[in-house]
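User: I have a structure open and would like to go through some of its residues with you. Can we take it piece by piece?

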Amino acid sequence: MVAASGGGHSITPGGKRPPARVAEEAAERVKRKTKAAVWPTGPGAAEPPPGEMDLNRIIQALKGTIDPKLRIAAENELNQSYKIINFAPSLLRIIVSDHVEFPVRQAAAIYLKNMVTQYWPDREPPPGEAIFPFNIHENDRQQIRDNIVEGIIRSPDLVRVQLTMCLRAIIKYDFPGHWPAVVDKIDYYLQSQSSGSWLGSLLCLYQLVKTYEYKKAEEREPLIAAMQIFLPRIQQQIMQLLPDSSHYSVLIQKQILKIFYALVQYALPLQLVNNQTMTAWMEIFRTIIDRTVPPETLQIDEDDRPELVWWKCKKWALHIVARLFERYGSPGNVTKEYFEFSEFFLKTYAVGIQQVLLKILDQYRQKEYVAPRVLQQAFNYLNQGVVHSVTWKQMKPHIQNISEDVIFSVMCYKDEDEELWQEDPYEYIRMKFDIFEDYASPTTAAQTLLYTAAKKRKEVLPKMMAFCYQILTDPNFDPRKKDGALHVIGSLADILLKKSLFKDQMELLLQNHVFPLLLSNLGYLRARSCWVLHAFSSLKFHNELNLRNAVDLAKKSLIEDKEMPVKVEAALALQSLISNQTQAKEYMKPHVRPIMQELLHIVRETENDDVTNVIQKMICEYSQEVASIAVDMTQHLAEIFGKVLQSDEYEEVEDKTVMAMGILHTIDTILTVVEDHKEVTQQLENICLRIIDLVLQKHVIGKFKGRIKRYYVEMQEKMQNVMQPNFLKSSFFSAKEGELISCGEWGPLFIAVCGPLTIAASPVAEQRLQTLRLSSCGSRAQLLRDMWDPPRPGLEPCIPLFVQLVLERLTRGVKTSELRTMCLQVAIAALYYNPDLLLHTLERIQLPHNPGPVTVQFINQWMNDTDCFLGHHDRKMCIIGLSILLELQNRPPGVDAVVGQIVPSILFLFLGLKQVCATKQLVNREDRSKAEKADMEENEEISSDEEETNVTAQAMQSNNGRGEDEEEDDDDWDEEVLEETALEGFSTPLDLDNSVDEYQFFTQALLTVQNRDAAWYQLLMAPLSEDQRRALQEVYTLAEHRRTVAEAKKKIEQQGGFTFENKGVLSAFNFGTMPTNN
């Protein structure tokens, strides 16, 4: 429930008073509150506070931030002022003032947005600190709440966008609890007779809806309560505006559509939208989609037309109907609460909307302008309609024209493609491989529609293939149409390779129509031909010469072609052929060096992540050959990584981070491939250390920590004897104290990599490391643990220091069980590494406020937290540690004190392991079952007048009879049992199949104790109940079974393993006509 301020009415879904009366009361309250408004002018504004700040001083500082010469001094001035009470409201006064220069207002808006985003919510002090972090004062927050809606309504667009972001943050933290009145305020301006306030108030409402857009249904109650008022209001408003096609009217209509989309795109609130209400809305959407765009818009440059409000309004209407059809309107593909609505949608709206969309496609076919996003959303809607009989019957007579005149046209090479290719081929590559571009691309949507129609409706594929065949075999066709024909065929490759009519003809297609175009003088045809080779890379070649030609032509295009887009497509095609064709891999062995050199050149030039992935796969395919060129490759990759990391736009462009991660992954792959070549790994040492050094210098450790941690593990295993103390000098000792402490992972990393050299190098190193303390982030403890999990030689000098670090952190108090168990695991891993050394360390450590050795405290904490060890790895570590503890001959007194807890704790951990294994087996079975069902459905076609029915649909319908409790139980199972957290799913080499078996380790330890020390064994076993004794016997039985299985597996491996045979499949059709080359 959202309660209105001032003791007024409550907005509830079941309110009994008429909406008109509610609106009148809300408007009256707002008027009473705002009667004496002074700033900003307008209803609802609050009076300025007494003792307000000097606005002119703030204005001058903001103005200084725009001037490069004054920026530093101005920023210092603002940084000294922003914590003063009334500073934030003063910014808002500046923003809404018409007497302040616009750049200053804009700077103030950005500063206020940053303040609200960072300092609006109340925050607690960090653990161990008493000082609360800065927050905007509640008095200031109230002033901003009282005035920000008016500020948004009054401000120009460039300022308004910053204020709406402020409003979103405020609503996120304050609605409904601290600010229920925002509903009344927005409603007051929506009802205003002045249309000038409508757009701003709708933008405010949009922020309210966006705040709840992705929340679960049960978390949306405050929004649903508010929308009981707003939804009828905006529906009435848009219906009144529909006849008016002026710019401002259509702008308001577009904003209302965006609000509706955010309301329904993730969850459809059926309590707000009944059949009658939805019918009115669907008529609104249909009208907007169908209405004519003003003809004067054709005078605008075609590149700018999609941004016109009339096309954007159409786009949002189409976005809504496509989403409703996809998520709520397809019976059999909806959850049970939407089943009734889906049937109503399909029978009532689907055909009527589709009729309008067919009209849009016909306009495109008649060469009338249609905005790309409108076309894309039309394709998305029709894609849903293909599988339903009622919509397919309407679509079927037109599908051939749609396929040949619309879809095909969209899939052909266009003027804008040619312009971009010639002006900026690297941007052309980025656009073609950008998944976000694909999301909004009409080409991708057309391709998807064609694929669905060809797969689901049997009459579509033969006709479309005949159409493409005619184009490819006629030398007089426009080359761009040949590109379109190849695009169509490549898009349908998965289907063609499974159809007996076509699959044997695909080799002839490549031979007669693709290979010749790989030698075309047109770059886009060569690129498209490489793309088709990639699409058909899994084809079973009957003529070995054709396979050799395919590989040779792809290699030639990669190495010799002058056009970078061709080279990128050739790289993907060649790698795919090598991965799918055993013989192709052999053909390319002599050419690995030039291929890898060219791939590195492409990555350096384009920074394309897909080509980085090609390099990774090629390294795995040609591990022996790569070893001889690994140093050069790694050097090149390190240079590319440095270029990416140091580029000006690195922080702003997400693709750069993806690219950098891909490079590190590739180097990681090289390290794995050359692990048996000691002379190579020694040469790779300095290259990898330079990468680590660069990451530290650029302060981007957070993004690459996982991969860099992998490097130090690799270098521990392969390079420990050849590490250079000089690296320590340059990267460790030269670091500033603050930098080192802020990157606490790296002190341990340097010790881990350099082993005993660190401690031996200088006492300063140890002094530095003593300054490192574990924060509340468990990743640092995880890093410490990983160094000796599994054990590696040469780390003894590190153990005392790191064990002391984690125990000090434990004694300061740890709120989260996650960090507590992670710290405990550091010591447990040390126990596994060297039990005597750990016990000696524990007896020697003296911690502040803890008199005496910490051994007893550590063991007690361990016993108390055994139920907090989660996931397979952590439970396994704990079992192994406790097994070592119970087997100790020279036991510390602390172990004797907890003797009754050791074996019960181990049995509890085994029970958890059993549940983890059962869950994984269930998930694997479900995955296999889904894969089998997908295979069965893959070739399923629907006869012309039938509805698609599949296993999913039947399952959904069968669920309709289930009770609510049963459904909720399933949801709980999915969320709580089948999903692992990142910590629970963490693994190390200790978790590999050939590592230590925890069942055998424990049972062997207990048997050793039984044979060696009967009295201690009796003390261990005495507390066990009958159930626990049965559980112990199960563990013994399972340990013996696992030992037997492991021995049998080892025996099979020694015999060379199993051998499997691949069997080919034959079939028939005719694609053999040779065209004239273009």
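User: Where is the place of Ala584?
Analyst: This is a predicted model. In it, Ala584 sits in helix α30, which covers residues 582-588.

User: Is Ala584 buried or exposed?
Analyst: Ala584 is buried, with a relative accessible area of 0%.

User: Switching to charges. How many salt bridges does the count come to?
Analyst: The count comes to 37 salt bridges. Side chains of opposite charge can pair when their charged atoms come close.

User: Which residue forms a salt bridge with Lys63?
Analyst: Glu101 does, and the closest N and O atoms are 2.9 Å apart. This pair links distant parts of the chain: Lys63 is in helix α2 (residues 55-66), while Glu101 is in the loop between α4 (87-96) and α5 (102-119), 38 residues apart.

User: What about Arg1042, which residue does its side chain meet in a salt bridge?
Analyst: Its partner is Asp997, at 2.6 Å from N to O. Asp997 lies in the loop between α52 (964-976) and α53 (998-1012) and Arg1042 in helix α55 (residues 1026-1054), so the bridge ties together parts that are 45 residues apart in sequence.

User: Is Asp997 buried or exposed?
Analyst: Asp997 counts as buried, because its relative accessibility is 17% and the cut-off for buried is under 20%. Arg1042 is partly exposed at 27%.

User: Where do Glu326 and Arg323 lie?
Analyst: Both lie in helix α13, three residues apart, which is about one turn of the helix. Glu326 is partly exposed at 39%, whereas Arg323 is buried at 17%.

User: Which residues are linked in a network of salt bridges?
Analyst: Asp122, Glu138, Arg141, Arg145 and Asp174 are linked that way.

User: Which residues form the negative surface patch?
Analyst: The patch is formed by Asp301, Glu302, Asp303, Asp304, Glu416, Glu419, Glu423 and Asp424. One of these, Asp303, is in the loop between α12 (275-290) and α13 (309-328). Asp303 is exposed, with a relative accessible area of 65%.

User: What is phi of Lys367, and of Glu607?
Analyst: Phi of Lys367 is near 70 degrees, a positive value in a residue other than glycine. Glu607 has a positive phi too, near 55 degrees. Lys367 is in the loop between α15 (350-365) and α16 (372-385), and Glu607 is in the loop between α31 (592-606) and α32 (609-621).

User: Buried or exposed, for Lys367 and for Glu607?
Analyst: Lys367 is exposed at 71%, whereas Glu607 is buried at 18%.

User: Last one: what lies 2.5 Å from a polar atom of the side chain of Asn135?
Analyst: The backbone oxygen of Pro121. Asn135 is in the loop between α5 and α6 (138-154), and Asn135 is buried, with a relative accessible area of 17%.

Key. Residues numbered from 1 in each chain as written. Predicted model: local features only at pLDDT ≥ 70, side-chain atom pairs only at ≥ 80, totals over all residues. Heavy atoms only, no water. Patch = residues over 30% accessible without salt bridge, like charges linked within 9 Å, V, L, I, M, F, W, Y side chains within 5 Å. Areas by Shrake-Rupley, 256 points an atom, 1.4 Å probe, with all protein chains shown as cover. Salt bridge = Lys/Arg side-chain N within 4 Å of Asp/Glu carboxyl O. Lys, Arg positive; Asp, Glu negative; His and termini not counted. Charge placed at Lys NZ, Arg CZ, Asp CG, Glu CD. Helix = DSSP H or I, 4+ residues; strand = E, 2+ residues; numbered from the N terminus. Buried < 20%, exposed > 50% of the residue type's maximum accessible area, 1.4 Å probe, protein only. Polar contact = N/O pair within 3.5 Å; in protein donor to acceptor, adjacent residues only side chain to side chain.
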